[in-house]
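Please open the model in your viewer and keep the selection tool at hand. The stops below say what to select next and what is there.

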Amino acid sequence: TIMRDLRQVYTKLRVVLIPSKSSTSRYDHEEVLAQLKDWDLWGPLLVCLLLSIFLSVDAGTQGALVFSAVFLIVWSGAAIVTVNAQLLGGSISFFQSGCVR
């Protein structure tokens, strides 16, 4: 089950970070939308953790502060985007917004 989860995370990260180059066809567009609607939190969590770790390693003695600040800023940004989308009339949940950031 871990390999299945890792494959799903990889597929969803690839859809978000590198959209298909031939997205002009209707089938590809619908496939991308289906992937985005089937959200999970593993991909964004891994990306956020990797970013926080890489930046904290380079920070030296302030590593713990940098790690926590980056982690907090990223997830607070997702919350702000969600609130903004809901105020503009969208129907998106916090978790769905956090997964597509």
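Predicted model: local features only at pLDDT ≥ 70, side-chain atom pairs only at ≥ 80, totals over all residues.

Begin by selecting Gly60, which follows helix α3 and has a positive phi, near 75 degrees; helices here are DSSP runs of H or I with at least four residues, strands are runs of E with at least two, and both are numbered from the N terminus.

Residues are numbered from 1 along each chain as its sequence is written, and side-chain values use heavy atoms, with hydrogens and water left out.

Now show the whole protein as a cartoon. It contains five helices and zero strands, so that reading along the sequence gives the pattern α-α-α-α-α. Of its 101 residues, 19% count as buried, where buried means under 20% relative accessible area, exposed means over 50%, and partly exposed lies in between, with a 1.4 Å probe and protein chains only.

Next, select residues 42–58, helix α3, together with residues 63–87, helix α4. How far apart are the axes of these two helices, and at what angle do they pack? The axes lie 8 Å apart and the angle is about 150 degrees; each axis is a line fitted to C-alpha atoms over the stretch in contact, and angles run from 0 to 180 degrees between N-to-C directions. The two helices are therefore roughly antiparallel, the word used for angles over 145 degrees, while those under 35 are roughly parallel, 65 to 115 roughly perpendicular and the rest oblique.

To see what joins them, colour the residues in contact, meaning those with heavy atoms within 4.5 Å. On the α3 side they include Pro44, Cys48, Ser52 and Ser56, and on the α4 side they include Gly63, Val66, Val70 and Val74. By class, this contact has 13 nonpolar, three polar and no charged residues; Ala, Val, Leu, Ile, Met, Phe, Trp, Tyr, Cys and Pro count as nonpolar, Asp, Glu, Lys and Arg as charged, and the others, Gly among them, as polar.

Keep α3 on screen and pick out its buried residues, which are Gly43, Pro44, Cys48, Ser52 and Ser56. As background for this view, an α-helix has 3.6 residues a turn, so residues three or four places apart point the same way. Zoom in on Ser56, which counts as buried because its relative accessibility is 14%. Leaving aside residues up to four places away in sequence, Ser56 touches Gly63, Val66 and Phe67.

Still in helix α3, select Leu50, which is partly exposed with a relative accessible area of 46%. If you draw a line from its C-alpha to that of Phe71, which is 21 residues away in sequence, the distance is 9.9 Å.

For the last stop, select Ile92 in the loop between α4 and α5 (94–100). Is this residue buried or partly exposed? At 26% relative accessibility, Ile92 counts as partly exposed, and its C-alpha is separated by 6.9 Å from that of Thr82, ten residues away along the chain.
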